[in-house]
Amino acid sequence: MSTTGASADPLAALGSLPGVAESVESVRKAVDRVYGHRVMRRRSTEITAEAALRGARGSAALSGADWALEEVRRRSDFGVDDEARVMGAALRLTAEAGQLLSIWRQSPLRVLARLHLVAAASDGDEVGRPRQPGEEVDEPLIELPLPGAAELAGRLEGLSRLVIAGGSAPALVTAAVVHGELLALRPFTSHNGLVARAAQRIVLIGSGLDPKSVCPAETGHAELGRAAYLAGLEGYASGTPDGMAAWIAHCGRAVELGARESTAVCEALQRGAA
């Protein structure tokens, strides 16, 4: 996050980058359309549950388990092979995210540790803590240079301070920075992409932008494709204003597509087709 500089509210400063205000406004309109749908007033619990399932499917797809939605619905055993374990981890994280909102505001690092523990579903020594010097990271889809343990510790602490401080930054900006920073750092030995996307979900819910979690950004990221996702991440990691703005816009488009997905679910329910 080198572009944040010495500003008292560095996340808010990112909101002034070219095109970011337009992305924020576009996301707000897309979210408002979902929440304004008549079905949401009567069946919001169903929309939330469906969004969770679709979000988990999208997050798993970006981590190499690209299953059809009906396959996710059908399966009950998520431990038989690598792809099934990824899908199981994504489903567990989506279920866990909404339970951690109050802790996130006070201790983001504690929440990240919990998310990794839930994703890994293991009692190994490396689970639930930042990686240590010499430990390898299993995240083959992300090829950015891996920060060393000392840099990792400093940047995690900086990210934690930004989250706890709050500030006036739009929810989209905060969510995009949390997401991008965790992907760039890969703080754990595994499951970093899944954890990063779950953390983005927590920010969007906790900020009040998507309090019922019906706009699954993970679905949008998957729809935009892995190549665009990785290109956006490279822009974030570059630390340049253009790169940061492009990543925020990419994350905004993902939220819009997630909102569109849930709007379609609302319309299907309204027609009696779901």
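This is a predicted model: local features need pLDDT of at least 70, side-chain atom pairs count only at pLDDT 80 or more; totals for chains, interfaces and linings use all residues.

Student: OK, so is Arg114 buried, exposed or partly exposed?
Tutor: Arg114 has a relative accessible area of 36%, so it counts as partly exposed.

Student: Which residue does Arg114 form a salt bridge with?
Tutor: With Glu96, and the closest N and O atoms are 2.9 Å apart. That pair links distant parts of the chain, as Glu96 is in helix H5 and Arg114 in helix H7 (residues 108–120), 18 residues apart.

Student: And Glu96, buried or exposed?
Tutor: Glu96 is buried, because its relative accessible area is 17%.

Student: How many salt bridges does the count come to?
Tutor: The count comes to 19 salt bridges. Some share partners, and one network formed that way joins Glu50, Arg54, Glu70, Arg73 and Glu261.

Student: Why would side chains like that pair up at all?
Tutor: In general, side chains of opposite charge can pair when their charged atoms come close.

Student: What does Arg85 pair with?
Tutor: Arg85 forms a salt bridge with Asp82, with 2.7 Å between the closest N and O atoms. Arg85 and Asp82 are 3 residues apart in helix H5, so about one helical turn separates them.

Student: How accessible is Arg85, and how about Asp82?
Tutor: Arg85 is partly exposed, with a relative accessible area of 39%, while Asp82 counts as exposed at 57%.

Student: What about Arg28 and Asp32, where do they lie?
Tutor: Both lie in helix H2 (residues 20–35), 4 residues apart, which is about one turn of the helix. Arg28 is partly exposed at 34% relative accessibility, and Asp32 is partly exposed with a relative accessible area of 42%.

Student: Switching to packing. At what angle do H3 and H5 pack?
Tutor: Helix H3 (residues 38–62) and helix H5 (residues 82–97) pack at about 135 degrees, and their axes are 8 Å apart. That angle makes H3 oblique to H5. The crossing of H3 past H5 is right-handed.

Student: Which residues meet there?
Tutor: From H3 you have Ala52, Leu53, Ala56, Arg57 and Ala60, and they meet Val86, Met87, Ala90, Leu91 and Thr94 in H5. Sorted by class, the contact has 8 nonpolar, 1 polar and 1 charged residues.

Student: Now the loops. What is the phi of Arg186?
Tutor: Phi of Arg186 is near 45 degrees, a positive value in a residue other than glycine. Arg186 sits in the loop between helix H9 (171–185) and H10. At 3% relative accessibility, Arg186 counts as buried.

Student: And His191, where is that found?
Tutor: His191 is in the loop between H9 and H10. His191 has a positive phi too, about 60 degrees, although it is not a glycine. With 23% relative accessibility, His191 counts as partly exposed.

Student: Last one: where is Gly208?
Tutor: Gly208 is in the loop between helix H10 (192–206) and helix H11 (217–224). Its relative accessible area is 38%, so Gly208 is partly exposed. Gly208 and Ala171 are 37 residues apart in sequence, and 8.0 Å apart in space from C-alpha to C-alpha.

Key:
Residues are numbered from 1 along each chain as its sequence is written. Side-chain values use heavy atoms; hydrogens and water are left out. Helices (H or I, at least four residues) and strands (E, at least two) are DSSP runs, numbered from the N terminus. Buried means under 20% relative accessible area, exposed over 50%, partly exposed in between (1.4 Å probe, protein chains only). Axes are lines fitted to C-alpha atoms, for helices over the stretch in contact, and angles run from 0 to 180 degrees between N-to-C directions. Angles under 35 degrees count as roughly parallel, over 145 as roughly antiparallel, 65 to 115 as roughly perpendicular and the rest as oblique. A crossing is left-handed if the near helix is turned anticlockwise from the far one by less than a right angle, and right-handed if clockwise. Contact means heavy atoms within 4.5 Å. Ala, Val, Leu, Ile, Met, Phe, Trp, Tyr, Cys and Pro count as nonpolar, Asp, Glu, Lys and Arg as charged, and the others, Gly among them, as polar. A salt bridge is a side-chain nitrogen of Lys or Arg within 4 Å of a carboxyl oxygen of Asp or Glu.
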